[in-house]
Every structure is written in structure tokens, then in C-alpha cells.
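Please keep the sequence and the structure in view while reading.

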Amino acid sequence: MSLMPRLWLIVPAAGQGRRMGASRPKQYLDLNGRPVLAHTLARLHRAYPQASLRLCLDEADAWFDPAWVPFVDWRRVPGGQERVDSVTRALDDLAGSAGQDDLVLVHDVARPCVHIDDLTHLLGVLQDERVGALLAAPVADTMKRADDQGRVAATESRDGLWHALTPQGFRYGMLCEALATARRAGIAVTDEASAIEALGLAPRLVAARRDNLKITHPEDLSLAALILEAQARERDAAIEE
Ligand SMILES: Nc1ccn([C@@H]2O[C@H](COP(=O)(O)OP(=O)(O)OP(=O)(O)O)[C@@H](O)[C@H]2O)c(=O)n1
Ligand SMILES: C[C@](O)(CO)[C@H](O)COP(=O)(O)O
């Protein structure tokens, strides 16, 4: 019996936020009155209300509240050592439920400012894109390579360089194969696209807004707060037009 293609969402949220250096993992820090995690899940739900969610959480997580999850169909999955291990565990959890051609979108919990229009656009692109696709933004700064003294060793060309953002979306079967192949080959992958690339395939870059910030360092939290306020003003202005 063939399964109907479904939309699955994996949200890795099992990180410790070491670079943030706060008293709790960054996904539980307050952002304009709600935890970062609640913002991220609310955004994803607005764009993909029909999706089934797998939320990767640390087993020792003491902060999570299921009331922050707006999805009807969702499940908690234990996180792994690294981001890629958390995502792999979520994919393992889908075995037997997901069809090989089902779409899987992976989105960092630490990116609460992802814009609804970009989420919708990405899903549209993925309908016809067999290799998969990711939100991305062209590099805008001059790029320097450092030597081990902290001095400039070279100025690198930024031609063709993009920032990889999330979500990143792939067919279930291909993503499982890519991550398993990378693991066997000992290739360290920091996003899903790099595992697909290691198979010799080329995921599509989908140009996205630059304000899809990954909250990583302390100053990112106040930046994210400003971005959310600016986006709310944009929405209000669009409604008034
Ligand atoms: N073992 C891990 C590590 C990271 N993540 C998730 O992967 C995303 C991107 O990781 P990053 O920004 O590096 O988050 P942290 O690992 O929390 O941060 P740090 O590296 O500073 O500790 C985050 O949503 C994080 O929660 C995860 O699910 N499992
Ligand atoms: C997946 C990712 O957000 C793409 O930019 C990023 O690689 C995750 O961050 P990490 O610091 O490598 O975990």
C-alpha cells in the first residue's frame, strides 16, 4: 500500500546554547513576552498548519511546556549529541509513518524571525524540486580569511557565496540516505543540505529575507526582538493599504 505524501516538520531544539551563555538554553529565553521556542513554532504553524511535527528536545529539559505547541499532530523526540544527531533521531522516529517521497522540512528552533512569505515560497518550490531546497541569503560583506595570529591572511571572493538558512526541505528517503552516507563516511554535516551535497547532488538555493536570524550570541536576542517588532509593523501597514 503506498502512503500519501505528507509534510513533516523537524525542529531541532535540543541545543544547550553555550555561545549564548545564559542561565537556560536560548530557546527558553524571553523574546517580547514569549519564549523563543513558542515564537518559532507559531510561525511554522501559521505557514504549515497541516504539517506533522517532530520536536527534538534534550531528555533532561526542565523548561519545555507543551502548551507552546500549536500543532495537532506532534511528538517529542530525544535530542542527540550534535544537531545532526537530533535530526537523525527525528527521522528514525518517522520510519514506518513517512513515505519515501514525503517532504521533510527541518527548521532550527533558534530562528524565530523566519518570514511567513519565505516559508510559503519554499514549500511551493519543493513541490517540483526532487533534490530539495533551502532558504539562503547572498553574502553581503567582504570576506576575510584569518591567520592563526588573528590577522588577515587573504581577502576571499564572495562571488557565489550564500548564507545557508533554515528551513531546509528534502524528500524523506533521500534525506535519510544522505545522512546515513555522511555518517558512514565520517563527514561532519552542519546542515541537511551538506549531507545531500555529499551524495553529489545540488539542492536549490531559495533567496530569502536576511532577517531570518539564528539567535546564537547574546546580542542576537535584542536584534530578534527588534526584527519581530519591525515585521509586525510591516504586517499592520500591509493590512491598512
Ligand atoms: N545537540 C543538538 C544541538 C543543537 N540543536 C539545535 O540545532 C539548532 C542550531 O544549533 P545552534 O544554534 O548551534 O544551537 P545550540 O547548540 O543551542 O548553541 P551552541 O552551539 O552555542 O551551544 C538549534 O535550534 C539547537 O537547539 C539540537 O537540536 N541538538
Ligand atoms: C543549520 C544552520 O542553521 C544553517 O546555517 C546552522 O549550520 C546551524 O548552526 P550550528 O551552529 O552549525 O549548529
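Which residues in helix 1 meet which residues in helix 3? In this predicted model, Arg43, Arg46 and Ala47 of helix 1 meet Ile116, Leu119 and Thr120 of helix 3. The residues of this contact divide into 3 nonpolar, 1 polar and 2 charged.

**Packing of the two helices**

- Helix 1, which spans residues 36-47, packs against helix 3, which spans residues 116-128, at an angle of about 50 degrees, and their axes are 9 Å apart.
- Angles from 65 to 115 degrees would count as roughly perpendicular and those under 35 degrees as roughly parallel, and helix 1 and helix 3 are therefore oblique to each other.
- The crossing in which helix 1 passes helix 3 is right-handed.

**The chain as a whole**

- The protein chain contains 6 helices and 11 strands.
- Its radius of gyration is 18 Å, close to the 18 Å that the globule rule gives for 241 residues, so the protein chain is as compact as a globular protein of that length.
- Taken along the principal axes, the box filled by the C-alpha atoms of the protein chain is roughly 60 × 45 × 45 Å.

**Surroundings of ligand 1**

- Ligand 1 is surrounded by 23 residues, and the closest of these are Pro12, Gly15, Arg18, Arg19 and Ser86.
- Sorted by class, the shell around ligand 1 comprises 7 nonpolar, 9 polar and 7 charged residues.

**Surroundings of ligand 2**

- The residues that surround ligand 2 are Arg83, Asp108, Ala164, Leu165, Thr166, Thr190, Asp191 and Lys214.
- Sorted by class, this shell around ligand 2 comprises 2 nonpolar, 2 polar and 4 charged residues.
- Strand 10, which covers residues 162-171, gives the most to the shell around ligand 2, with 3 residues.

- Thr166, which is one of the residues surrounding ligand 2, is joined to Pro167 by a cis peptide bond, with omega at about 10 degrees.
- Pro167 lies in strand 10, and strand 10 is also the element that gives the most to the shell around ligand 2.
- Asn32 has a phi near 50 degrees, which is a positive value in a residue other than glycine.
- Asn32 is found in the loop that runs between strand 2, residues 30-31, and strand 3, residues 34-35.

Conventions: Residues are numbered from 1 along each chain as its sequence is written. Chains are lettered from A and ligands numbered from 1 in the order in which they are written. This is a predicted model: local features need pLDDT of at least 70, side-chain atom pairs count only at pLDDT 80 or more; totals for chains, interfaces and linings use all residues. A residue is near a molecule or strand if its C-beta atom, placed from the backbone, lies within 6 Å of it. Ala, Val, Leu, Ile, Met, Phe, Trp, Tyr, Cys and Pro count as nonpolar, Asp, Glu, Lys and Arg as charged, and the others, Gly among them, as polar. Helices (H or I, at least four residues) and strands (E, at least two) are DSSP runs, numbered from the N terminus. Axes are lines fitted to C-alpha atoms, for helices over the stretch in contact, and angles run from 0 to 180 degrees between N-to-C directions. Angles under 35 degrees count as roughly parallel, over 145 as roughly antiparallel, 65 to 115 as roughly perpendicular and the rest as oblique. A crossing is left-handed if the near helix is turned anticlockwise from the far one by less than a right angle, and right-handed if clockwise. Two residues are in contact if their C-beta atoms, placed from the backbone, lie within 7 Å. The radius of gyration is taken over C-alpha atoms; the globule rule is 2.2 Å times the number of residues to the power 0.38.
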